[in-house]
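Take a look at the model below. This report walks through a strand and its neighbours, then turns to aromatic rings.

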Amino acid sequence: MNTVFEKTPLLTDLPLHYCPGCTHGLIHRLVAEALDELGVGERTVGVAPVGCAVMAYNYFNCDFIQAAHGRAPAVATGVKRAKPGHVVFTYQGDGDLAAIGTAETIHAAARGENITTVFVNNSIYGMTGGQMAPTTMPGQVTQTSPYGRDVKAAGYPIRVCEMLATLDGTVYCERVSVDTVKNVRAAKKAIKKAFEIQLAGRGFTLVEVLSTCPTNWGLNPVASLDWLRANMMPYYPLGVYKDDA
């Protein structure tokens with residue numbers, strides 16, 4: 001029998017701990033496939049966040065470091081400066097990157113650090129029980145906004161790509177999604193391009209991936225994809241927000 005699909009060797013065989021319908025596993029695969037296709041797995045260092053992907057190091061067959069909450073860009077900066085020939089990336093959720101880690105993210109981008117960030121945006125705190133996140137949309141119901149996010153009390157969500165695109169040190173940032181086959185292919189292309197830019201030594205790159213959280217949204221996996229398309233995509237439009245490569 002001919003093999004028509006084979007798992008990339010840059011992923012381990014361990015079962016994923018993510019909830020059913022969560023797209024973290026798919027995003028892991030896209031990152032691993034991009035690194036494998038570029039042939040850089042042996043000289044790649046990933047930095048894991050605190051959040052749903054806190055144990056990402058269990059799933060990648062490359063070197064990994066566990067950072068303190070929100071400090072992944074700072075850790076990645078140190079690794080890249082010590083090992084400039086390595087590919088260094090952070091894998092972060094919206095709480096890790098856009099709440100406690102906002103300063104590290106912004107200043108790594110402002111300095112033009114030659115690292116890549118994969119930012120998973122599901123508009124909610126996943127691991128800790130579904131609280132309002134920096135990316136929770138106006139009117140969105142969470143455990144800590146049971147009547148919907150009130151912008152008068154909680155402020156507005158942070159649009160990460162739009163914000164980082166204003167910084168001179170950001171070379172490339174794009175927002176993608178993994179809700180359809182077409183969008184999955186586009187997401188992999190964006191992630192691979194971000195790594196290629198890093199390999200060329202150009203500077204800071206970020207790919208934001210819109211993702212689902214069926215458990216904390218209170219929806220089944222299929223309905224979660226529909227909710228993402230109906231609610232997240234209009235508020236967080238897909239596209240390239242900066243490309244100076």
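Predicted model: local features only at pLDDT ≥ 70, side-chain atom pairs only at ≥ 80, totals over all residues.

Strand S6 spans residues 204–210. Seven of its seven residues are buried, so the rest of the structure largely encloses the strand. Both faces are covered. On one side sit Phe-204, Leu-206, Glu-208 and Leu-210. On the other are Thr-205, Val-207 and Val-209.

## Strands paired with S6

Strand S4 (residues 116–121) pairs with S6 in the parallel sense, over six bridges. Here Thr-116 stands opposite Thr-205.

Strand S5 (residues 170–177) also runs parallel to S6, joined by seven bridges. Arg-175 stands opposite Glu-208 of S6. From S5 the chain crosses through helix H7 (residues 181–199) to S6, in a right-handed β-α-β crossover.

## Aromatic pairs

The whole structure holds seven aromatic pairs. In one of them, the ring centres of Tyr-18 and Tyr-59 are 6.0 Å apart and the planes meet at 55 degrees, so the pair is tilted. Tyr-18 lies in the segment before helix H1 (24–38), and Tyr-59 in the loop between strands S1 (44–48) and S2 (63–66), so the pair ties together parts 41 residues apart in sequence. Tyr-18 is buried, at 12% relative accessibility. Tyr-59 is buried too, at 5%.

Tyr-235 and Tyr-236 form an edge-to-face pair, because their planes stand at 75 degrees, with ring centres 5.2 Å apart. Both residues are buried. Arg-159 lies over the face of Tyr-235, 3.9 Å from the ring centre. Elsewhere, ring pairs link Phe-60, Phe-64, Phe-89 and Phe-195 into a cluster.

Conventions:
Residues numbered from 1 in each chain as written. Heavy atoms only, no water. Buried < 20%, exposed > 50% of the residue type's maximum accessible area, 1.4 Å probe, protein only. Helix = DSSP H or I, 4+ residues; strand = E, 2+ residues; numbered from the N terminus. Pairing = 2+ DSSP bridges. Right-handed = clockwise from strand over helix to strand, strands pointing away. Phe/Tyr/Trp six-rings, centres within 6.5 Å; stacked < 30°, edge-to-face > 60°. Lys NZ or Arg CZ within 6 Å of the ring centre and 35° of its normal.
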